[in-house]
Amino acid sequence: KKGIKTVRHVPSQRSPAAPEDSARYLRDIPVCQSGPSLSGTHPQAAPCSKQAAAAGDMLSLRPPHARPSQSPWRRRGRLGGAAAPRCVGVAAEADASERVASPPRVSFPILVNGCTGKMGVAVAEAAASRGLHLVPVSFSSREDLDRTIQIGHTDVRIYGPSAREDVLSSVIDEFPDVIVVDYTTPDSVNLNADLYCKFGLPFVMGTTGGDKQLLYKSVEDSKNYALISPQMGKQVVAFVTAMKIMAEQFPGAFSGYNLEVLESHQAGKLDTSGTAKDVITCFEKLGAPYDMNRIVKIRNPEQQLEMVGVPEEYIDGHAFHLYHLTSPDDSVSFEFQHNVCGRSIYAEGTVDAAIFLHKKVQSKDSKRIYDMGDVLREGNMR
């Protein structure tokens, strides 16, 4: 069909079928060429629905008769199990986190801007559990949202935009060594950063979007302390960093390979995954060219449940990524996945970033823009 190409894939060697029978499992897979977004509200969603299902089939290397009913996103591991994450409940996550040895506790005031959102609340809760002093104020983009929310043992007052400067001035008087963490909205990134720089407030920017060049220029011109990273998950950052090193040291290693990319996030995430773009850039340097518009974005909850295999309790908070490479003759394939359920990985990483930045301020290190790579290299993380 017009706009559709066919890709042949060889089944997994772990197929129960004999190797000599593998040829009969070669199949033509239609893949959407127009940069599909698998969101129920996206205008391309309906035309690409068949391609979406086919994309799922493309990423399952089992022969048809051996394919199980669960998500084709999931992979057979060494013991025949699924390699998609076994996401535990929130209570189990909390129990597991308590068993992880943590570095010596530090305590300083932290202001989380964005406590009206789930990510902001998650960071505030993680900060409180790590022994940081949660400043009892936050801000909203709405003037009429004047209320108080409870986070741990702290009642956090939410102020509208017009009160930001007066409130921040009072916060600085009372908490001169405060660190600000921003998890607001993309259209607030630059305005908020300008405000933090105006007051000389060290800040961690976890919000994605905005004008990135202007953001960096504002911080550099103000000579302020800042840590800016679109990805706060430490392990994901380590993976992306490893990909960058591989791309630098082995350019062209995947020349001629075909790359397919799928990413799934909660429906509220409107933009394409920045992490996916970073990894794709690495693969391009490795010799596998890719049009960013071809990234398959999955935002439809039903498809996330059935095709991707996201646990139902994490439909509103997950980040699944899959990169599939195939050699020119279809005889070799590589696959990379990083799948996150919930927000704890980002919340803990953000708290580590705030602790890192606080240490830089206290030791009077260079006033510059840091990132999560600096945090990883520093060590002493939870």
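I began with an open sheet of three strands in the order β6-β8-β7, and its pairing is mixed. Strands (E, at least two residues) and helices (H or I, at least four) are DSSP runs numbered from the N terminus; two strands pair if DSSP finds at least two bridges between them. β6 (137-139) and β7 (147-151) each have a single partner strand and stand at the edges, so one side of each lacks a neighbour in the sheet. On average, neighbouring strands here are turned by 35° against each other, direction ignored.

The model is predicted: local features need pLDDT of at least 70, side-chain atom pairs count only at pLDDT 80 or more, and totals for chains, interfaces and linings use all residues. Residues are numbered from 1 along each chain as its sequence is written, and side-chain values use heavy atoms, leaving out hydrogens and water.

Next I checked β6 against β8 (residues 154-159): they pair in the parallel sense over three bridges. Val137 has Arg157 of β8 as its bridge partner.

I then turned to the cores, meaning sets of buried Ala, Val, Leu, Ile, Met, Phe, Trp, Tyr and Cys residues joined through side-chain atoms within 4.5 Å, with buried being under 20% relative accessible area (1.4 Å probe, protein chains only). The largest nonpolar core has 59 residues, and Ile110, Val204, Leu227, Leu259 and Phe283 are those with the most contacts inside it. Helix α10 (residues 344-362) gives the largest share, nine residues. Apart from this core I found another, of 23 residues, including Val189 and Ile369.

Technical notes:
Buried < 20%, exposed > 50% of the residue type's maximum accessible area, 1.4 Å probe, protein only. Axes fitted to C-alpha atoms, helices over the stretch in contact; angles between N-to-C directions.
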